[in-house]
Amino acid sequence: MTHRTRLVVLIAIIVLALGAAGGYGVWAYAQYQAESRAPSQVPVAASAPAGPVIFFRNTASGQGQGQVASVPAAAPQSPRTLTPQACDRVYAAAGERICLRTKLGLENTTDEQILDADWHPLRTRTLTGLPSRARLSADGQFAASTVFVSGHAYTGGFSTSTEISATGGESFGNLEDYTLEVPGATLTPQERNVWGVTFAKDGDTFYATVGSADRNWLVRGSIGKRMLTAIHAGVECPSLSPDGTRIAFKIKSPDPNLPQVRLLAVLELRTDQVTRLGEGRSVDDQAEWLDDSTLLYGMARGAPVGDSDIWSIPADGSGNPSLFIQHASSPSVLRP
Amino acid sequence: MYLSLSDWRGRRTEPPPGSVPAFRLSPVILALGITSLLTDISSESVAAVLPLYITASLGLSTIAYGFVDGIYQGISATVRIAAGWSADRTGSRKWTAFAGYALSAAARIALLAASGFGSLAAVIAVDRVGKGIRTAPRDALIRLAAQPEHLGRSFGVHRMLDTVGAALGPVLAFVILLVIPNGYHVVFVASLAFALIGVAVLGLFVPGARRQGQDERANQARSARRARPHWRDVNSPRMRRLLLAAGALGLLTVGDGFLYLVLQSRTSFAPEWFPLLYVGTNIAYLLLAIPMGRLADRWGRTKVFLAGHCGLLTAYAAAALPWAGLPATVATLVLLGAFYAATDGVLAALAGLLAPDRAAASGIAAAQTVVAVARLISSTGFGLLWYAIGSEAAMWAVAGMLALAIPFAALLLRQPAPQTAASTVR
């Protein structure tokens, strides 16, 4: 090949490669525009439901995709009402709302917004990392956010970062900096990750997961004492029942060939009794209590990417999962 | 007296004292630089959106992501030595590098189809293997194509182009996602396009076995090709001392991320400014890559390599000193960029020259692997220190150890006394 031929071949490759990529980009853009302008694939109600509601992220394609929606708790299959607020994770309690939303930029950051009952922002903070879990205390006074932090080249990669703050503004700091007591194990602070907070009703106690390598513990935390105490091993992403007696969580699959699989279980706090629930699929969510006997959780639909359904299951291990809200994720029950 | 390795190299090419041939950028190095630029656009655009894609779109759990990221960090060092050795042994550095680039491009195709945890982890692993394969043979090609008097400058040109690509990649991804919020696959397709063009530039414009007779320097390379590498080529006392020095210094090179965190905690700027630190370091690196390479050629590569680590030491001090603020931040970033400019390409030049031509890729691979492994260990160790004694104290502790390690490295890299040289150079 002469130099000239090589140049011609290269130019042909450049034109083909960039042309194809550009063409695909234009097609994807048109597709995105058409999808976001199209009417929602699910029925949408015009006015907000009265009485107890369930908020969630609407993952149905079409208008309102990615926005917070609500349905009556008593009739979850009825048409949803859209709010103007877009969130990746949402939670509602009393008159407060928390919304975690990915902020596009060269670094992955998350906007943590606290909003009032009409979705007017009260305060906004930027967290370094990607949205993972959000919770409020039942009285709406405390907020907890967990983000995924992906590291720089040599910092050893991934971790989570969880912070508790008053919805009024004051931060109680990163939970990694709290004193940690794990009976029978010594963990250097560098090895620990904390995620998935759930609040008790006393205004100080909370529960969370502390993870280190492949071990996890349920910890009981105190905001005032800045302290975490491990109370049970093998627990991930706790969620305290409304009556405060049980914790729904994720447990590793007993099958060692499925290291990524997480199954739902419930821990009775008084007796330390663990009950496995009848959901055979791996769950990647922090469960939410519909009431004292039923759990809700999101489950990815697989295709299209990013779409999800909310399922429900009896919390006593007695029944099978059933589809609760289609095209929805991040359930949050607003109790009266 | 302190003699640099460029003087030692000079014995072999025998330029008349005082006269240095004018710098002429080899088209091979330009082509390799453009390949690296395109490949870095490709890989950095994907790296920028991958955490977002995995956690937000695929919904993989915390643990899964940690595992994927671990793969991402760890793999390339392990295949690097094997690839360097095999490139020397088969004499086909171009095609070994080509295989590495092509493998990473193939991984981009697979990325479009990957949807679950297992397939995604496999795709990332393949990409990292590709990176491990290509680096040392590519640097060996640069080393063999460059004028020996201008080796540092030649590596500087390559590293500058490489860093331009690394800076453009995330911007490309950012712009695509800004226009098409769910456009991850558009990022992947664009990344694939750049990867393919990069592979094409390498395949078409870097001479392989047959065409290398075309110019004079290549003849030297061809004679190098006939000889197979020997173990002693990369196990000479000089090479061992270089590896020891680079390893010791690497152990005290903490990750950029930690320095940025110290800066962030001192100046309390908002997290959204955090990426600008990375951008600032990259800009300093790409601006200084060529000047540092030239300085290395003139003043001595060992000296510049050591001076670069003095720059790193100063960067630690600038980050940890009590006078925080914009000047300290800018000084830290410039010093960090200068450190990379003075050490990355220069180390490849040093290692490439210590090994004979027939073992150029193996020598470079050995040095790069030692440094990569040392830095991984360093970051883990520094993380522990960070939490044990606090960020600033940890920074000062590492700075103190580095201040001791630099003279130690200088001692190791000193020109050996004549009788030692006679016994080592066969």
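In chain B, 36 residues of domain 1 are in contact with 32 residues of domain 2. Two residues count as in contact if their C-beta atoms, placed from the backbone, lie within 7 Å. Domain 1 of chain B covers 26-228, and domain 2 of chain B covers 231-426. These bounds come from an automatic or database domain assignment. The model is predicted: local features need pLDDT of at least 70, side-chain atom pairs count only at pLDDT 80 or more, and totals for chains, interfaces and linings use all residues. Residues are numbered from 1 along each chain as its sequence is written, while chains are lettered from A and ligands numbered from 1 in the order in which they are written.

Helices (H or I, at least four residues) and strands (E, at least two) are DSSP runs, numbered from the N terminus. Helix 7 of chain B provides the largest share of this side, 13 residues. By class, the side of domain 1 of chain B that touches domain 2 of chain B holds 19 nonpolar, 8 polar and 9 charged residues. Here Ala, Val, Leu, Ile, Met, Phe, Trp, Tyr, Cys and Pro count as nonpolar; Asp, Glu, Lys and Arg count as charged; the others, Gly among them, count as polar.

Helix 10 (residues 237-251) of chain B packs against helix 16 (residues 391-412) of chain B at an angle of about 170°. Their axes are 9 Å apart. Axes are lines fitted to C-alpha atoms, for helices over the stretch in contact, and angles run from 0 to 180 degrees between N-to-C directions. Helix 10 and helix 16 of chain B are therefore roughly antiparallel to each other. Angles under 35 degrees count as roughly parallel, over 145 as roughly antiparallel, 65 to 115 as roughly perpendicular and the rest as oblique. From helix 10 of chain B, B:Arg241, B:Leu244, B:Ala245, B:Ala248 and B:Leu249 take part. They meet B:Ala405, B:Phe408, B:Ala409 and B:Leu412 in helix 16 of chain B. The residues of this contact divide into 8 nonpolar, no polar and 1 charged.

Helix 10 of chain B also packs with helix 14 (residues 326-354) of chain B. Their axes come within 9 Å and cross at roughly 160°. Helix 10 and helix 14 of chain B are therefore roughly antiparallel to each other. B:Arg238, B:Met239, B:Leu242 and B:Ala246 in helix 10 of chain B meet B:Leu347, B:Leu350, B:Ala351 and B:Leu354 in helix 14 of chain B. This contact has 7 nonpolar residues, no polar ones and 1 charged.

Chain A is assigned domain 1 (1-37) and domain 2 (46-334). The C-alpha centres of these two domains of chain A lie 42 Å apart.

Several strands of chain A pair, with at least two DSSP bridges between partners. Strand 2 (residues 53-58) and strand 3 (residues 67-72) of chain A run antiparallel, joined by 5 bridges. In this pair, A:Phe56 stands opposite A:Ala69 in strand 3 of chain A. Strand 3 of chain A is also joined to strand 4 (residues 80-86) of chain A, antiparallel, by 3 bridges. In strand 4 of chain A, A:Ala86 is the bridge partner of A:Gln67, and A:Leu82 is that of A:Ala69. Strand 1 (residues 44-45) of chain A runs parallel to strand 4 of chain A, with 2 bridges. There A:Val44 stands opposite A:Arg80.

An open sheet of 4 strands in chain A has the order 18-19-20-21, with antiparallel pairing. Strand 18 (236-240) and strand 21 (273-276) of chain A stand at the edges, each with a single partner strand, so one side of each lacks a neighbour in the sheet. The twist averages 30° from one strand to the next. Within this sheet, 7 bridges join strand 19 (residues 246-252) to strand 20 (residues 262-268) of chain A. A:Ile247 stands opposite A:Leu267 in strand 20 of chain A.
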